[in-house]
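Dear colleague,

Please find below the structure that I am handing over to you. My findings follow directly after it.

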Amino acid sequence: MSLDLYVYLKEDSGFSPKGFEDFCRSLNLQVRIPPDFDIQEGYDRVPLTFTSDAFSETGKAESYSTGFELFVSDYEYSPCPVEKPRTEKPVGFLQRLFSKKRRDEVPEEVPEELPQETPFEQAIKDCQKELALVCHSGDSFELLMAYLFGAYLVDSLGGILDDPQTGRYFQNSQELKAEIASVWEYLHRLSDSGELKYEKIS
């Protein structure tokens, strides 16, 4: 089972590995990413190292190998198709039964309504890149890493993060920080119940 997040960007040229690490540090989280990481490429696994004492049985900081899959593609906005509006008013049963329509009569036109863009469509319509951040259930830290990565892109590159699992999208890193705090609490619940899955770096 996988869980996907999507980030939409107008441009992807301003990503900084150090900036991402500093962003994580501002949330009191220590995450390392290779200094040559290139956001314009796709990765079967974004190689991240997460170090924390929060889940250690000894109380000492431990490092974990983690990450998520990253797929990058060009994005071109296309509004959702809408059903073509009717151009003729429907004729009622009694009207059809008791009135005769002249052959040359022009049917009354119903004005066509333009499709309305949703707020989400308005937010992403000028974006040029779509990044899919794919998380799997075998590593409990993947979702936290994906949210951190997405929040950094929202904060530094003006990205829009879409979480299709909840139907929510984010343009504000402060709102995403609240989501990150919820994921952090969830990880602690997994740890307390012995269900936390991870790959420790020895």
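Setting aside neighbours within four places in sequence, Ser-56 is in contact with Glu-62 and Tyr-64. Please note that the model is a predicted one. Ser-56 belongs to the loop that runs between β3 (48-52) and β4 (62-66). Is Ser-56 buried or exposed? Its relative accessibility is 13%, and since buried means under 20%, Ser-56 counts as buried. Its side chain also makes a polar contact, at 2.9 Å, with the side chain of Thr-58.

Together with Thr-66, Glu-62 and Tyr-64 make up the covered face of β4, while Ser-63 and Ser-65 make up the uncovered one. Strand β4 pairs with β3 in the antiparallel sense, over five bridges. Within this pairing, Tyr-64 is the bridge partner of Phe-50, and Ser-63 of β4 stands opposite Thr-51.

These strands are part of an open sheet of three, ordered β2-β3-β4, with antiparallel pairing. Because β2 (30-32) and β4 are at its edges and have a single partner strand each, one side of each is left without a neighbour in the sheet. On average, neighbouring strands of this sheet are turned by 25° against each other, direction ignored. Helix α4 packs on the sheet and touches β2, β3 and β4; the direction of α4 makes about 105° with that of β3.

There is also an open sheet of five strands, in the order β5-β6-β1-β7-β8, and its pairing is antiparallel. Which strands stand at the edges? They are β5 (69-74) and β8 (168-170); each has a single partner strand, so one side of each has no neighbour in the sheet. From one strand to the next, the twist averages 20°. Strand β5 is joined by six bridges to β6 (residues 129-136), and the two run antiparallel. One of the residues involved is Val-72, whose bridge partner in β6 is Leu-131.

Helix α4 (residues 142-157) is found here too: it lies across β1 (2-9), β6, β7 (160-163) and β8, and runs at about 160° to β6.

The remaining element I would draw to your attention is helix α5 (residues 173-192). With 20 residues at 1.5 Å a residue, α5 should span 28 Å; its end C-alpha atoms are 29 Å apart, which agrees. The buried residues of α5 are Ser-173, Leu-176, Glu-179, Ile-180, Val-183, Leu-187 and Leu-190. Seen down the helix axis, these buried residues fall within an arc of 105°, and they therefore line one face of α5. What do the buried residues of α5 pack against? They pack against α4, β7 and β8. On the face turned away from this buried side are the exposed residues Gln-174, Arg-189 and Asp-192.

Both ends of α5 deserve a brief remark. At its start, a side-chain oxygen of Asn-172 comes to within 2.6 Å of the backbone nitrogen of Gln-174. Just after α5, Gly-194 adopts a positive phi of about 75°.

Yours sincerely

Methods:
Residues numbered from 1 in each chain as written. Predicted model: local features only at pLDDT ≥ 70, side-chain atom pairs only at ≥ 80, totals over all residues. Heavy atoms only, no water. Helix = DSSP H or I, 4+ residues; strand = E, 2+ residues; numbered from the N terminus. Buried < 20%, exposed > 50% of the residue type's maximum accessible area, 1.4 Å probe, protein only. Polar contact = N/O pair within 3.5 Å; in protein donor to acceptor, adjacent residues only side chain to side chain. Contact = heavy atoms within 4.5 Å. Pairing = 2+ DSSP bridges. Axes fitted to C-alpha atoms, helices over the stretch in contact; angles between N-to-C directions. Expected span 1.5 Å × (residues − 1). Arc of directions from axis to C-beta.
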